[in-house]
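Me: I have a model open and want to talk through the fold. Can we start in the middle and work outwards?

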Amino acid sequence: MAAHSSFFLTRPNWDIENISLESVVKISGTVLNRPDGQQNSNMSTGDIEVAVEDFDVLSVAKKELPITVRDQIKLTEHLRMTYRYMDLRFPEMQSRLRFRSEMISEMRKFLGEKCGFVEVETPTLFKRTPGGAQEFIVPSRMPGKCYTLVQSPQQFKQLLMVGGIDRYFQVARCYRDESARPDRQLEFTQLDIELSFTNQQGVMALAEDLISHCWRTTVEPDLSEDRFPVLKYEDVLNDYGTDKPDTRFDMKIQNISDALISLSDICSSPLRSSLIEESNVIGAIIVPKGQEVWASNSSIKKLCTEQLQHFTNPLWLRGFQVPNNSSDPWPSLGENKQVGEAIKSKLGHLCNPGDVVWLAGGPRFEALTLLGRLRVIAADELEKATGVAVRCQGPKFLWIVDFPLFEPGEQPGTLSPTHHPFTQPHPDDAHLMFTDPLKVRGQHYDLVLDGWEIAGGSVRIHNAEMQRRVLGDLLKIKPDSLHHMLEAFDSGCPPHAGIAFGIDRLIAVACGAPSIRDVIAFPKAAGGRDPMSGAPVDVTKEDQILYHINCLPKGSNNC
């Protein structure tokens, strides 16, 4: 590889000029101080040089390489991933992977040495977990039988609690068959933690202590908070339109339904439907100096069209510029002028000339989610357009609690677990568990950092009869599929709870990487493909026979 230190040759006949960049060489010689005035304070070796006495080329790189390792070179992501072994030579990637190693090392030290946790490896090959994400199938040599790759060690860590390993952790590899995104991979790493005889507050306090220790030793010694704010799910959905809010900037959602409800009779059909349905909502966000980004009505309409494509339910979405003169009427947005007057009476005192107001109406979750998306887009676009930071300096950690335990399933009248089927109900809602389950909150908690969910956990069900009823009566999952868990609970199971940290996400936020792919040595690209090796590849005829696989033609839905 190209040398980064200064050296000079004591034998001028060495043919160093013709050695290609990125070749690997070995030199030996005498380390000397650089002459006065020739030191380079920008280099860690800037005060020394080497008088080379022996020089050997160990590996010659070809002349025309696909990547030139220079700081100023900007490469496409596809090129970086195709030649990842060269991309890893860039200082940024070197720094991020070494930082990752240091962070994981501190996690192990804190849990193992300071808190008495036991690190236990659990199997990767398992069986399908009902009620979870889509899992990868692994064929076996037994006809008609397969394994699945674990999406998390969830069942194993609970079984360890039954087995008396009352403080467990693991740096675990996990797998989920879902499309790769900037914050998600098919295979990922999590720090998995479980402990017995604790509660929600105990796990949250442990997680705060762990994060504080690791952050102070690897990122920033002066982390200002030891305990993080706790917000309720319903409150963050109403204020931020998401369960993982970035609280480094304001722009909270304003509910304006009450200002327009009396005008429903004179509103157009899309707006009227957003008002007359009790479960619907109309909200607004105010973007300070938003005209720096959306200076024309056409730019506003363009964003409306783009965002509505993400939702299947019909939503009402409008945006407008606040008039420069405070006495001017606000636009009626294609409605009766009384609509504009009502919106101004509700929001006018919060706005200034040059602001942009976005309004969305429809089913509550979708309308608030849409406004939450626009809130983040507005912050991103303002920072891009003005060059001025909208977000304050992080980190901003916060807990989200009181999630719904269940949500409506895909089929009418069915339920799905909001997180997984092993979470305890909130004690205040336990009486509603089998009569009005959609009103039950779970003892689940998520840790959010600067708009990214970096950890999630819950208090677990440890009673076999309750677990049977949740599976069979509520989720319509055959309890026999988890017979091993139920039998274990009937063997005497201590109360327990846990949490799992997404290491890839945590590292990405901590070192300012734009994507988790930038903190993983060999990540997958979009669609789960590996441009470097070409994986996944076709199944050979020999493997089809060995593993009893019958490959259907592409596009076939026949079984």
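Me: Which residues is isoleucine 193 in contact with, leaving aside its neighbours within four places in sequence?
Reply: Isoleucine 193 is in contact with Leu111, Phe117, Lys157, Tyr168, Phe169, Leu206, Leu210, Gly498, Ile499 and Phe501, once neighbours within four places in sequence are left aside. Contact here means heavy atoms within 4.5 Å.

Me: What sort of model is this?
Reply: This is a predicted model, where local features need pLDDT of at least 70, side-chain atom pairs count only at pLDDT 80 or more, and totals for chains, interfaces and linings use all residues. Residues are numbered from 1 along each chain as its sequence is written, and side-chain values use heavy atoms, with hydrogens and water left out.

Me: Back to the core. How many residues are in the largest nonpolar one?
Reply: The largest nonpolar core has 44 residues, and Ile193 and Phe501 have the most contacts inside it. A nonpolar core is a set of buried Ala, Val, Leu, Ile, Met, Phe, Trp, Tyr and Cys residues joined through side-chain atoms within 4.5 Å. Buried means under 20% relative accessible area, exposed over 50%, and partly exposed in between (1.4 Å probe, protein chains only).

Me: Which elements each supply at least two residues of this core?
Reply: Among them are helix 3 (91-114), strand 9 (187-196), helix 5 (200-218), strand 20 (496-502) and helix 14 (503-510). Helix 5 gives the most, with eight residues. Helices (H or I, at least four residues) and strands (E, at least two) are DSSP runs numbered from the N terminus. There is also a second, separate core of 33 residues, which includes Cys304, Leu315, Leu374 and Ala379.

Me: How is strand 9 paired, parallel or antiparallel?
Reply: Strand 9 runs antiparallel to strand 8 (residues 167-175), with nine bridges. Strand 9 also pairs with strand 20 in the antiparallel sense, over seven bridges. Glutamate 194 has glycine 498 in strand 20 as its bridge partner. Of the 10 residues in strand 9, nine are buried.

Me: Glutamine 190 is in strand 9. Is glutamine 190 buried or exposed?
Reply: Glutamine 190 counts as buried because its relative accessibility is 7%. Its side chain makes a polar contact with the side chain of aspartate 192 (3.1 Å). A polar contact is a pair of N or O atoms within 3.5 Å; within protein, one must be able to donate a hydrogen and the other to accept it, and residues adjacent in sequence count only if both atoms are side-chain atoms. Alanine 172 stands opposite glutamine 190.

Me: And at the other end, how many bridges join strand 10 to strand 15?
Reply: Three bridges join strand 10 to strand 15, and the two run parallel. Leucine 231 has isoleucine 400 in strand 15 as its bridge partner. Axes are lines fitted to C-alpha atoms, for helices over the stretch in contact, and angles run from 0 to 180 degrees between N-to-C directions.

Me: How do helix 6 and helix 11 pack?
Reply: Helix 6 and helix 11 (residues 364-386) pack at about 60 degrees, with their axes 8 Å apart. That makes helix 6 oblique to helix 11; angles under 35 degrees count as roughly parallel, over 145 as roughly antiparallel, 65 to 115 as roughly perpendicular and the rest as oblique. Residues meeting there include Tyr233 and Leu237 in helix 6, and Phe365 and Leu368 in helix 11.

Me: What is phi of phenylalanine 197?
Reply: Phi of phenylalanine 197 is near 55 degrees, a positive value in a residue other than glycine. Phenylalanine 197 lies in the loop between strand 9 and helix 5, and counts as exposed because its relative accessibility is 65%.

Key:
Two strands pair if DSSP finds at least two bridges between them.
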